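Let's take a friendly walk through a protein model together. Have a look at the structure first, and then read on.

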Amino acid sequence: MNEIKVLWVDDEIDLLKPHILFLENRNYRVTTAQSGTEALEEISHNAFDIVFLDENMPGLTGLETLAEIKEQQASLPVVMITKSEEEYIMEEAIGSKIADYLIKPVNPNQILLSLKKNLDHSRLVSQKTTSNYQQEFRKIAMDMSMINTAEGWSELYQKLVYWELELENIEDTGMFEILESQKVEANTQFCKFIEKNYQSWFRGNGEAPIMSHTLFKEKIAPVLDNRPTLLVVVDNLRYDQWKAFEPMLANSYKKTKEELFYSILPTATQYARNAIFAGLMPSEMEKLYPEYWRNDTDEGGKNLYEAEFLETQLKRLGKDIKWSYHKISSLKQGKKLSENFKAHKNENLTVLVYNFVDMLSHAKTEMEVIKELASTDKSYRSLTQSWFKNSPLLEIIQQASNLGFKLIVTTDHGTINVKNPSKVIGDKNTSLNLRYKTGRSLSYEDKDVLAFKEPKDILLPSINMSSSFIFAKSDLFFAYPNNYNHYVGYYRNTYQHGGVSLEEMIVPFIILNPK
């Protein structure tokens, strides 16, 4: 270990010689000071890793010295040592951001523990986390080869996200790379599972997980009661992003249920979000409500009738309740709803669709913005956190808590960082999405896609008689042969959705109650 430099400040420093020798024998270099003034002089001329500071000294008190130290070097850890247990001293010291607090008489082991806690904390946590993941690695690998249920894949995905969040800040980058390769393998196996089972989920044989079109009926409608409920559907919200901003809700809400459900294919807004609000699969929406449904090749917005779809579902479920629907696609809209949110306190259900990707940019440049700021999952999570912390959505949620609203947070689908291109050819009427295509005469690499020649087999509409659907697997994205290199360079490492991956299909559903 490199020599650690300690400054120990005490007006009775001579009495602490045994403690100082104890530390010096363990490779700590201790500099002493007998007053606050002397300590500040030392700090201005020398670099220290940590300061032990006596609170009760003549001249500058410990608290006064602490304030001066923090003014000079805000990040320097200071451990306050005092004879007094008076609450106001502790509160002042803690408010001044001390690293630790010890009551006299202190013994050498207490000092050593405080040093390790403050200086070795990140290294010790890193070692422990790495060791725990190494133990879990084999179990995850074994589980992966044996999972044959939708629930099993949800549990495995939760584990992978847990370890991703645990490992993202450790010093051992090699271990993080191992996790990344394990995620790639998990997606390969998950795609095989979806290929084998997805179609059977629509045959009514009881094996299907909760999916977009059954979510409202099975999970939301049963918890609607006389209390007001705020349902927030955040566009494109992955499970790891939810975990990133969950702590920011802790002051307003306590979580009562956290589950994962499956987005339907394509994992795209016009399919998955319409399915949530209609409680129907796309082919059923097209058949029953042709005035509301839009196919890929139709003109105009594809999600303009979510409120109308929700109204039909509420009627079908016999829910005679007071409700409203709001779609937020700009900062201005978010602020307006926040300012007027109290007006909804007497509703049973207030639905809020938040297009958070659109929030990241003011025009249709989100691709460039996200690519610039977030080319990895870690930076994408960080961007989500920053957005949420400063968004009107957080203000709305805090108001909802004060007004006694139950809170439900969910999404339509997730998104994946695409790495590898797969060539595809289609006619001029082929859909434009990078993760799925529908159209006639599609030519593609069989190994790269999940293909359905008959859309009706998975309850999707056909644009014409011979249309099929193909979905990109894992982290692939579709690229046309013409202008191929430019296209690939532009879209590689961007976030896309529509295809088959854990990140896109397995998404969060959370119920919270106000504190």
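## Inside and outside

A residue counts as buried when its relative accessible area is under 20%. By that cut-off, 53% of the 515 residues in the protein chain are buried. The chain as a whole has an accessible surface of about 24,100 Å², and carbon and sulfur atoms make up 48% of that surface.

The protein chain has a mean pLDDT of 90, with 93% of its residues at 70 or more.

Where pLDDT is low, the predicted coordinates should not be read in detail.

## The overall build

You can find 20 helices and 19 strands in the protein chain. Its C-alpha atoms fill a box of roughly 95 × 50 × 40 Å along the principal axes.

Now think about who touches whom. Among contacts in the chain with a separation of 6 or more, 74% are between residues 24 or more positions apart.

## A closer look at helix 3

Which residues of helix 3 are buried? Within this helix, which covers residues 62-72, they are G62, L63, T65, L66, I69 and K70. Viewed down the axis of helix 3, these buried residues fall within an arc of 155°, so they line one face of the helix. An α-helix has 3.6 residues a turn, so residues three or four places apart point the same way.

Methods. Residues are numbered from 1 along each chain as its sequence is written. This is a predicted model: local features need pLDDT of at least 70, side-chain atom pairs count only at pLDDT 80 or more; totals for chains, interfaces and linings use all residues. Side-chain values use heavy atoms; hydrogens and water are left out. pLDDT is the predictor's confidence in each residue, from 0 to 100. Helices (H or I, at least four residues) and strands (E, at least two) are DSSP runs, numbered from the N terminus. Buried means under 20% relative accessible area, exposed over 50%, partly exposed in between (1.4 Å probe, protein chains only). Contact means heavy atoms within 4.5 Å. Accessible areas come from the Shrake-Rupley method with a 1.4 Å probe; for residues, only the protein chains shown count as cover. The arc is that of the directions from the helix axis to the C-beta atoms.
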